[in-house]
Amino acid sequence: MAEPMYKRVVLKLSGEALAGDDGFGINPAVMKKIASEIKSVHELGVEIAIVVGGGNIWRGVTGEQMGMDRAQADHMGMLATIMNALGLQDCLQNVGVPSRVQTSIEMREVAEPYIRLRAIRHLEKGRVVIFAGGTGNPFFSTDTASALRAAEIEADVILMAKNGVDGVYSADPQVDTDAIKYTDLTYLDVINKNLRVMDSTASTLSMDNDIPLVVFNLNEPGNIRRVVMGEPIGTTVKG
């Protein structure tokens, strides 16, 4: 049997992906499907950490546009990611995958506080670790949290699962029919061409720590496993 290409991964899930076609909130069927996909990768012996977004519930940028203080709005967004993390943990437990939620904002009655060495120990013991609360600081996205946690736990790769988009394009493929899909890019390409795969902070952090990124379509069944096994799908971004 072929061995996985990556031993330890950070899977980035957007909040929008958890909403499915509903567009808002958590879609139970979608959450169960994602948990099943993660289980199939977990059974390969791959160590899995997950960073979840909160855009299906609240976005800090939206709050700022409404006139809210940006820091306050971002803290609301961090709480939204924790709600998503707890929902995903429950689904994983229900399919037999041991998991832990660690939050950057301390709330011990709900989840563990983020402690780097404890997170690594959970991974070594075969538990999926879900990082919630972003970086714990306003003005930073969950993309940046993915790059930061990947560097801290020495992950082999960041897997960015997109909701219906199968890679990185030169423009929005849903708007521009002439948009070109890239197979391979460098982080400098992403920054210089303003491709918006990740925000510039996340891209720079990933580049500085030499962490590759694979962008792929989450909605295609089996894609997480295919990426982990090294199949050439989506777009790969390297330093």
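Visitor: Which residues lie nearest the centre of the largest pocket, and how many line it?

Guide: Good place to start! This is a predicted model, and in it 44 residues line the largest pocket, with K12, E16, R59, D143 and K162 nearest its centre. The general idea is friendly too: rolling a probe the size of a water molecule over the atoms shows where empty space is left. Here, the volume of that largest pocket comes to about 1200 Å³.

Visitor: Which elements give two or more residues to the lining of the largest pocket?

Guide: They are the helices α1 (15-19), α3 (60-65), α4 (70-94) and α6, together with the strands β6 and β7 (168-169). Helix α4 gives the most, with five residues. Sorted by class, the lining holds 17 nonpolar, 17 polar and ten charged residues.

Visitor: What is the volume of the second largest pocket, and what lines it?

Guide: That pocket holds about 220 Å³ of space. It is lined by 15 residues, and those closest to its centre are Y6, V214, E231, P232 and T236. Strand β11 provides the largest share of this lining, three residues. By class, seven of the lining residues are nonpolar, five are polar and three are charged.

Visitor: Where does UniProt place the feature "binding site"?

Guide: The unreviewed UniProt entry places it at K12, L13, S14, G15, G55, R59, N163, Y169 and D172. These positions span 161 residues in sequence, and the farthest two C-alpha atoms are 23.9 Å apart, so they do not all gather at one spot. Of these residues, K12, S14, G15, G55, R59, N163, Y169 and D172 are included in the lining of the largest pocket. You can find G15 in helix α1.

Visitor: In which sense do β9 and β11 pair, parallel or antiparallel?

Guide: Strand β9 and strand β11 (residues 235-238) pair in the parallel sense, over three bridges.

Methods:
Residues are numbered from 1 along each chain as its sequence is written. This is a predicted model: local features need pLDDT of at least 70, side-chain atom pairs count only at pLDDT 80 or more; totals for chains, interfaces and linings use all residues. Side-chain values use heavy atoms; hydrogens and water are left out. Two strands pair if DSSP finds at least two bridges between them. Helices (H or I, at least four residues) and strands (E, at least two) are DSSP runs, numbered from the N terminus. On a 1 Å grid over the protein atoms alone, a cavity is a set of points where a 1.4 Å probe fits but cannot get out, and a pocket is an open set with protein on both sides within 12 Å along at least five of seven lines; lining residues have an atom within 4 Å of a point. Grid points are joined across faces, edges and corners, and a volume is the space filled by probe spheres set on the points. Ala, Val, Leu, Ile, Met, Phe, Trp, Tyr, Cys and Pro count as nonpolar, Asp, Glu, Lys and Arg as charged, and the others, Gly among them, as polar. UniProt positions are given in the numbering used here, feature names are shortened, and annotations may be inferred rather than shown by experiment.
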